[in-house]
Amino acid sequence: MDAQLVYPVYSRRSEGISIGIDLFPDAKHCSFNCPYCEVHPFRHDHTFSLEQLTSELDAILSSYAGTREPVKDIAFAGHGEPLLSPYFIDAVTRAIAIKIKHMPEIPIILITNTLQLGDNHLINFLQTVRSQTPFSIWAKLDAGTPDQFYRMSGLKPESNAFETVKRNIITAGKILPLVIQTMLARYQGFPPTDYELTEYTKLIHSMLDSGVLIERIDLYTISRKPITPVVSPLTDAELIDAVHSIANHLPGKAIRAFGKSTRIM
Ligand code: SF4
């Protein structure tokens with residue numbers, strides 16, 4: 001039987017093979033509705049089970065162990081927001097046990113939009129994970145202004161999600177180091193404005209001043225066909241300009257940047 005929950009992919013931001021874990025094989029489940037999302041709506045009969053995760057992850061990691069193709073990480077990503085899954089904690093616990101058996105040194109990555117990241121029980125669990133194995137949280141933050149945030153998340157301002165995201169990043173990031181993930185794209189044909197880039201760096205500064213542990217910032221543009229044509233990728237030249245504008249205001253901060261097809265910084 002083909003694997004349904006565990007899949008190897010070449011990941012631009014992992015710069016190699018990443019083993020993805022999908023907690024949502026039945027349909028997309030996400031608390032955001034980003035116009036640039038690569039997960040198109042679908043419906044399958046498949047359901048998630050810990051037993052299936054265990055057997056698929058064990059099989060895939062043993063098939064890569066000892067090969068010349070290094071696995072860079074195991075990423076909780078898949079068809080939506082991993083923290084919405086009721087299986088998240090059990091699935092991470094299983095994944096750690098299997099990973100330690102085959103590839104103890106590679107990190108587990110949680111890719112999250114942060115809307116559910118502020119929960120204390122969850123943060124305590126993630127602290128325990130971090131004490132057991134290499135672990136990294138890739139936290140989405142696409143904007144420094146409410147307008148840009150609601151455009152890029154597809155959420156309504158009435159949701160107050162921008163405030164929740166900022167609060168959650170501060171709550172979790174004071175305890176757990178975060179790798180900030182920021183999508184930079186054209187929206188209705190226009191790249192982010194200087195004002196938006198400045199407000200973004202101000203927001204990062206305010207988070208750092210609040211004690212948020214920002215390990216690195218990854219800036220990237222669209223690489224695959226998005227759900228709607230309202231967004232489109234920045235050219236490498238536009239991305240480089242935006243990256244310099246951000247980096248100049250955040251001296252000493254580790255920043256990586258990924259163009260449509262390759263890493264540019
Ligand atoms: S948070 Fe991720 S999965 Fe959810 S809509 Fe945005 S890009 Fe898609």
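Me: Is Val92 buried or exposed?

Reply: A residue counts as buried if 20 or more other C-beta atoms lie within 10 Å of its own, as exposed if 12 or fewer do, and as partly exposed in between, with C-beta atoms placed from the backbone. Val92 has 23 other C-beta atoms within 10 Å, so it is buried. This is a predicted model, in which local features need pLDDT of at least 70 and side-chain atom pairs count only at pLDDT 80 or more, while totals for chains, interfaces and linings use all residues. Residues are numbered from 1 along each chain as its sequence is written.

Me: Which residues is Val92 in contact with, leaving aside its neighbours within four places in sequence?

Reply: Two residues are in contact if their C-beta atoms, placed from the backbone, lie within 7 Å. Val92, which lies in helix H2, touches Phe76, Ile108 and Val129 by that rule. Over the protein, 79% of the contacts with a separation of 6 or more join residues 24 or more positions apart.

Me: What span does helix H1 have, from its first C-alpha to its last?

Reply: Helices (H or I, at least four residues) and strands (E, at least two) are DSSP runs numbered from the N terminus. The expected span of a helix is 1.5 Å times one less than its number of residues. H1, residues 50–64, has 15 residues and spans 21 Å, close to the 21 Å expected. Gly66 follows H1 and has a positive phi, near 80°.

Me: Which residues of H1 are buried, and why do they line one face?

Reply: Leu53, Glu56, Leu57, Ile60 and Leu61 are the buried ones. Down the axis of H1 they fall within an arc of 120° (directions from the axis to the C-beta atoms), so they line one face of the helix. Their cover includes strand S1 (6–11), strand S2 (16–21) and helix H2 (88–102). Exposed Glu51, Ala59 and Ser63 sit on the face turned away from the buried side.

Me: Which residues are around the ligand?

Reply: The rule is a C-beta atom, placed from the backbone, within 6 Å of the molecule. Cys30, Phe32, Asn33, Cys34, Cys37, Val39, Gly80, Glu81 and Asn113 form this shell.

Me: How much of the whole protein is buried?

Reply: Buried residues make up 35% of the 265 residues. The protein has seven helices and 10 strands, and its C-alpha atoms fill a box of roughly 50 × 40 × 40 Å along the principal axes.
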